[in-house]
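This report examines a single protein chain.

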Amino acid sequence: MNWEVPIMQSRTSCFDKTLYRKNLRRFWPITFCASLLLFLFEPVYLLSFVTNPGSHLLDLRYHLVRSLCEENHILWFLFSVACAMAVFSWLYNARSTGFTAALPLTRKSLFLTCYLSGLSILLTVLLFTGGVMLLIALICDLAVADLIGLWLLEGFLDILGFYGFASLCAMLTGSLGIMPLCT
């Protein structure tokens, strides 16, 4: 007769699915507003190019290259800072920090989950807008798929850089008002 009780091994997770889903549900307005604003800049311009009979393909290619060099950096910077402020906002309130610290999560898993949920929000916006642009270009037989791919790559690198630095500033500063100024 064996009287030993099997003990369940505990494991430490670096990611919490519940907090991830909560962040995605809680901050959907950021995803919606960023998608809408970016949708108005890029895919609507593609549609206006298609509907305007006097347009040249060089004008469209010039617009896409210009948006690669100028406009998108500012937009991705603003979206990244706003997303980092939202996702890491629990750090700036004593009650929510105390509550979150009382959860059975490690600091590493809290940071990684919040970081990945914000990154998912921004990448969703990027992939949605890029997918719509690519769909419009394919339907209207525009030869700009190479520039749209470059636009997606540039947006991805902007998001990684800006959001990573904004997350670092969010973790280091102690005030929600100071965090955007440090970024």
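The sections below take these topics in turn.

## Basis and confidence

This is a predicted model, in which local features need pLDDT of at least 70, side-chain atom pairs count only at pLDDT 80 or more, and totals for chains, interfaces and linings use all residues. Residues are numbered from 1 along each chain as its sequence is written, and side-chain values use heavy atoms, with hydrogens and water left out.

The chain has a mean pLDDT (the predictor's confidence in each residue, from 0 to 100) of 84, with 91% of its residues at 70 or more. Helices are DSSP runs of H or I with at least four residues, numbered from the N terminus. Confidence is highest in H1, at a mean of 92, and lowest in helix H5 (residues 94–102), at 74.

## Packing of H1 and H6

Helix H1 (residues 17–26) and helix H6 (residues 107–139) have axes that come within 9 Å and cross at roughly 35°. Axes are lines fitted to C-alpha atoms over the stretch in contact, with angles from 0 to 180 degrees between N-to-C directions.

On the H1 side, the contact (heavy atoms within 4.5 Å) is made by Leu19, Tyr20, Asn23 and Leu24. The H6 side contributes Leu110, Thr113, Cys114, Leu116, Ser117, Ser120 and Ile121.

## Cysteines

No disulfide (a pair of cysteine sulfur atoms within 2.5 Å) is found in the whole structure. For Cys182, the nearest cysteine sulfur belongs to Cys169 and is 5.5 Å away.

Cys182 counts as partly exposed because its relative accessibility is 38%; this class lies between buried (under 20% relative accessible area) and exposed (over 50%), using a 1.4 Å probe and protein chains only. Cys140, at 28%, is also partly exposed.

Definitions and conventions. Helices (H or I, at least four residues) and strands (E, at least two) are DSSP runs, numbered from the N terminus.
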